[in-house]
Amino acid sequence: MDDSDDSVVVTRPSSIRVGADAIRRDWWIALLGGLTGGLLALGWALLQTPIYQSSATLYVTSGSDGASASDAYQGSMASQQRVSSYADLVRSDSVLAAALTSSDLNMKVSEAREALSTATSRETVLLDVTADSADPVVAAKLVNAVSAAMVDYVASLETPPNGSEPLAKLTVVTPGLPATEPSAPQTARVTSAGFVGGCLLGVLVVFGRVRFSTRIRDERDVDEVVGLSILTSVPSDLPSSNRSAVSFEAGGSIAGESYRRLRTNLAFVRVDDPVRTIVVTSPNPEEGKTITAINLAAVLAESGKTVVLVDGDLRRPTVAGRIGVNGGIGLTNILLGDAEPDEVVQSTDRRGLYVLASGPIPPNPTELLGSERARDVVEDLSSRYDYVVIDTTPVLPVSDAAVVGQYADGALVVLRSNRTRRSDAAEAVMRLQMAKISILGTVLNCVSSMQWKSSYAYYGSETRDSVVAHEGG
């Protein structure tokens, strides 16, 4: 066993990097928000009554017909000064009443006022009058009737008491026409705004998940929280009905490639001092430690090595049931002196893979595992087989994993995406390090298939495997 501390001090990534990684990882949340916002906006727009606009332009003339430049300038200035006043007169009771009287529009003065709007431009003598209506013909009739009423009202208003020519007049230069397309709602613009708003809301959700998340989600989280090498990630969309070893005969399945990557990376952990006795544990139950131990043993045997898988979980042993061997005899029989390893180690249907089940559950598992007899058993197995893989209890509930790790070459910590809490992962690693156990690295179970494919795409790895890596153990 190597007593060195293999933990790595990792510099926490910047907020910008964390945010960018979150968006790259959870871009679908932003897209889903955008699509939802766009659809809601589109539905709202389709439920609205279409509104049509019709506009007329009036020209303001002031002053006499004097031929001098001074007279022309003064007349232009007077017209500009009058335009803003005339804009207010458009919606006056007198003008609206006259307009409705002269037309056949069945509309109240208040309704006409709500439908009308005006616009002027600085340093011009043009007055734009616009009418809105659900009927394009009504909008055109209203704006033309109001324009005609304004022409008459201004003429009477600007006529001096002596009956001479009006001091100013309005002329309709562009009458209103029925619109062919509605001006509101602007469906395309509303839908686009809804999409953009939904995307922004989705981005906020992504940032919120990062900011307030308490669970390990991906390799970046593992790197940030525990600062250990990630030896492999296992995708989550594998069938979970068969919770045993991966069928590596499938060739390039994504499950098989995940565990082959684990085997390869373990070979590089300590090149000068190869790892042969491996403890597999996790912070808490149901995070995938047992299935990882089974698949690690199977993939090591696939490479032509002899491997013995030891069920060192003497509290809730499950290896025998998943492999299909007799769990009634095994490690505890050896530790109690009732049997020798040759008598209880069982072969499997996989070439090179052997199993030492837990045997009867003892009342004092920690004491048995911490005995010299247990150390001798592991050393004996290590001399007989190329690899010894030991499935142990989780780290946080009991101390068995720390005890067994004392006579192993190192420990493999299994975490489960979206289940393992950040604090639990950090606490488990700290306890193992305090026990002077060499931590070989981590395995992350149940990562999203999309994320796994984007990070570890293999040629020909799209086939599905018959197994499991994410439920239980």
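Modeller: Contact, as used here, means heavy atoms within 4.5 Å. Keep in mind that this is a predicted model.

Colleague: Let me try that on one residue. Which residues is Asn333 in contact with, leaving aside its neighbours within four places in sequence?

Modeller: They are Gly328, Asp338, Ala339, Gly359 and Pro360. Asn333 itself is placed in helix H12, which covers residues 331-335.

Colleague: Is Asn333 buried or exposed?

Modeller: Buried means under 20% relative accessible area. Asn333 has 15% relative accessibility, so it counts as buried.

Colleague: Next, helices. How do I read the packing of H4 and H6, and at what angle do their axes cross?

Modeller: Two packed helices are described by the angle between their axes and the distance between those axes. Here the axes of helix H4 (residues 93-102) and helix H6 (residues 136-158) come within 8 Å, crossing at roughly 120°. H4 and H6 are therefore oblique to each other. Their crossing is right-handed.

Colleague: Which residues make the contact between H4 and H6?

Modeller: From H4, Ser94, Val95, Leu96, Ala98, Ala99 and Leu100 take part; from H6, Leu142, Ala145, Val146, Ala149, Met150 and Tyr153 do. Sorted by class, the contact has 11 nonpolar residues, one polar and no charged ones.

Colleague: Now the sheets. What is the strand order in the open sheet of four strands?

Modeller: The general idea is that strands of a sheet pair through backbone hydrogen bonds, either parallel or antiparallel. In the four-stranded sheet the order is E2-E3-E1-E4, and the pairing is antiparallel. The edges are strand E2 (116-120) and strand E4 (168-174); each has a single partner strand, so one side of each is left without a neighbour in the sheet. On average, neighbouring strands of this sheet are turned by 30° against each other, direction ignored.

Colleague: How many bridges link E1 to E4, and how many link E1 to E3?

Modeller: Strand E1 (residues 52-62) pairs with E4 over six bridges, in the antiparallel sense. E1 and E3 pair over eight bridges, also antiparallel.

Colleague: What stands opposite Thr57 in E3, and what is the bridge partner of Thr57 in E4?

Modeller: In E3, Asp128 stands opposite Thr57. In E4, the bridge partner of Thr57 is Thr174. Thr61 has Lys169 as its bridge partner in E4.

Colleague: Which strands does H6 lie across?

Modeller: H6 lies across E1, E2, strand E3 (126-133) and E4, and runs at about 15° to E1.

Colleague: What is the strand order in the open sheet of eight strands?

Modeller: The order is E5-E12-E11-E6-E10-E7-E9-E8, and the pairing is mixed. Strand E5 (230-235) and strand E8 (346-347) are the edge strands, each pairing on one side only. For a parallel pair, look at strand E7 (residues 307-311) and strand E10 (residues 387-391), joined by five bridges. Asp311 stands opposite Asp391 in E10.

Colleague: Which strands does helix H10 touch as it packs on the sheet?

Modeller: Helix H10 (residues 289-302) touches strand E6 (277-281), E7, strand E9 (353-356), E10, strand E11 (410-416) and strand E12 (439-447). The direction of H10 makes about 170° with that of E10. Helix H17 (residues 422-434) also packs on this sheet, touching E6, E11 and E12. The direction of H17 makes about 160° with that of E12.

Note on methods
Residues numbered from 1 in each chain as written. Predicted model: local features only at pLDDT ≥ 70, side-chain atom pairs only at ≥ 80, totals over all residues. Heavy atoms only, no water. Axes fitted to C-alpha atoms, helices over the stretch in contact; angles between N-to-C directions. Helix = DSSP H or I, 4+ residues; strand = E, 2+ residues; numbered from the N terminus. Parallel < 35°, antiparallel > 145°, perpendicular 65-115°, else oblique. Left-handed = near helix turned anticlockwise from the far one by under 90°. Nonpolar A, V, L, I, M, F, W, Y, C, P; charged D, E, K, R; others polar. Buried < 20%, exposed > 50% of the residue type's maximum accessible area, 1.4 Å probe, protein only. Pairing = 2+ DSSP bridges.
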